[in-house]
Amino acid sequence: MSNASASDSASRPAPAAIARKRRGGEATLSADSLEQTLADVRRKIYPRSVSGLYARWRIALVFLTQFLYYGLPWVNWNGRQAVLFDLGARKFYIFGMVLWPQDVIYLAVLLVISALALFLFTAVAGRLFCGYACPQTVYTEIFMWIERRIEGDRVARIRLDGDPWSVRKVRIKATKHAAWLLVAGWTGFTFIGYFAPMRELGSALAAFSLGPWQWFWMVFYAFCTWGNAGFLREQVCKYMCPYARFQSVMVDPNTWVVTYDQQRGDPRGGRSRKIDHHAQGLGDCVDCSLCVQVCPTGIDIRDGLQYMCIGCGACADACDAVMEKMQYPQGLIRYASERSVQDKLTPAQARRQLFRPRVLIYSALILVLVAIFLGSLATRTPLRIDVIRDRASLGREVAGGLIENVYRLQLINVSEGDMTLTLRAEGLPGLTVQNGGAIHLDPASNRLLPVVLQVPAQNLEPGPHTVHFRAQAQDADGRTIELEEKASFIVPR
Ligand code: SF4
Ligand code: SF4
């Protein structure tokens with residue numbers, strides 16, 4: 001591809017014919033769009049770098065999310081890794097909390113809260129998550145930063161790609177891929193550090209002695225990062241991400257999305273800064289195409305809201321800089337609702353529209369679920385008992401005129417301290433536990449204990465009887481915990 005053609009195709013806006021636009025809630029696609037879409041998939045995008053308010057927010061969120069992602073596995077808590085999903089032991093450690101498979105309800109509630117939060121943010125401000133916190137955006141941002149440092153800004157990259165292969169080009173491309181692979185490799189290594197102790201993994205990696213599954217997941221995750229952030233980039237947002245497809249049902253005319261103010265901007269056209277453009281019949285848009293050149297998905301926001309728009313605000317930053325140079329008011333492209341632009345609402349009136357029923361309902365549901373989630377975590381008992389009947393022996397007579405039933409008790413200490421407990425049983429006259437005294441449980445441990453219940457046989461009706469196991473435990477802080485669990489005692493005929 002020649003320089004000129006590369007440049008042209010890179011700066012060319014996505015044709016309006018293939019842009020699926022929301023029209024009365026329906027998506028339309030012209031008849032010849034398939035071929036055009038395929039050409040568009042192959043078209044490489046060279047986003048221009050941009051600075052401004054939204055770029056600063058994006059950079060801040062890249063730092064914040066990556067600081068958490070890369071840093072968390074190295075943080076220790078109570079002498080162990082603070083966040084560790086130990087799949088082998090079926091325990092999730094999250095700071096002072098140890099979650100067991102029985103706690104799957106917490107995970108379910110967390111997922112429901114996350115889904116509702118996504119609905120809420122989308123109803124309020126469209127694809128905020130995509131533009132600022134989605135891993136695809138964040139890693140693409142990091143990889144593009146590396147690319148810009150090594151290959152140069154947009155024009156230099158277009159020129160380099162158009163140049164024939166030479167020693168210089170190989171050197172630049174190899175340097176870029178080496179840097180990308182380093183970041184991708186460290187990202188993959190960090191990923192496995194959430195599932196196995198990070199410090200041990202670090203020593204194992206240094207000695208080149210990771211296990212086969214650890215190698216597999218590290219390389220797989222690194223490969224996905226390299227491929228998605230280095231090559232696929234906007235294709236993931238445009239063609240692979242399901243969220244892009246169903247977001248149109250979550251936004252409405254009151255949702256704040258990145259919007260081109262057509263009434264103010266059109267008719268577009270180049271002009272000198274000194275002329276009175278309104279007198280010439282021109283709008284504020286100088287048709288410089290900078291908003292298209294900075295767009296990571298290569299679309300022209302002036303064609304209206306499109307499902308490919310990730311709401312990153314890069315076009316708004318670029319346009320604000322142009323408006324400043326032209327000494328026009330900023331905000332020709334801005335976060336605004338369709339209704340506020342159409343009805344020319346003041347910022348205060350537009351803000352009031354945010355408090356509409358669906359936003360209030362989502363917010364109320366999230367608040368209730370978060371309160372339930374935190375309340376149940378705070379009142380969680382640190383001891384759990386599950387009674388499992390020994391199916392092999394339903395109940396039998398033993399020496400001394402006694403009836404005996406055998407159970408297996410699963411005792412789980414979910415706290416981070418030692419625990420000692422005693423067991424007794426109630427529900428039948430003379431019922432005794434044969435091995436119920438001073439049972440020790442290690443911190444965050446799970447113990448399967450065979451327990452025998454005996455009762456004198458006289459005056460007992462044959463058949464099942466309800467009995468209760470009562471456990472009394474002392475935790476490491478000396479607090480007493482009492483638990484009761486129901487079971488069935490079988491008296492043979
Ligand atoms: S149109 Fe603007 S907000 Fe949407 S993806 Fe492109 S640059 Fe980002
Ligand atoms: S950056 Fe602003 S002025 Fe330039 S083409 Fe885009 S909307 Fe028009």
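**The shell around ligand 2**

A: The shell around ligand 2 is made up of 11 nonpolar residues, two polar ones and two charged ones (nonpolar: Ala, Val, Leu, Ile, Met, Phe, Trp, Tyr, Cys and Pro; charged: Asp, Glu, Lys and Arg; polar: the others, Gly among them). The model is predicted: local features need pLDDT of at least 70 and side-chain atom pairs pLDDT 80 or more, while totals for chains, interfaces and linings use all residues. Residues are numbered from 1 along each chain as its sequence is written, with chains lettered from A and ligands numbered from 1 in the order written.

There are 15 residues around ligand 2 (C-beta atom, placed from the backbone, within 6 Å), and those that come nearest are Cys285, Cys288, Leu290, Cys291 and Cys319. Two elements, α14 (290-293) and α15 (314-326), each give two or more residues to this shell (DSSP runs numbered from the N terminus: helices H or I, at least four residues; strands E, at least two). With three residues, α15 provides the largest share of the shell around ligand 2.

Elsewhere, four strands build an open, antiparallel sheet in the order β15-β13-β17-β18 (strands pair if DSSP finds at least two bridges between them). Strands β15 (439-441) and β18 (480-491) are its edges, each pairing on one side only. Within this sheet, β17 (residues 463-474) is joined to β18 by 12 bridges in the antiparallel sense. One of the bridge partners in β18 is Lys486, which faces His468 in this pairing.
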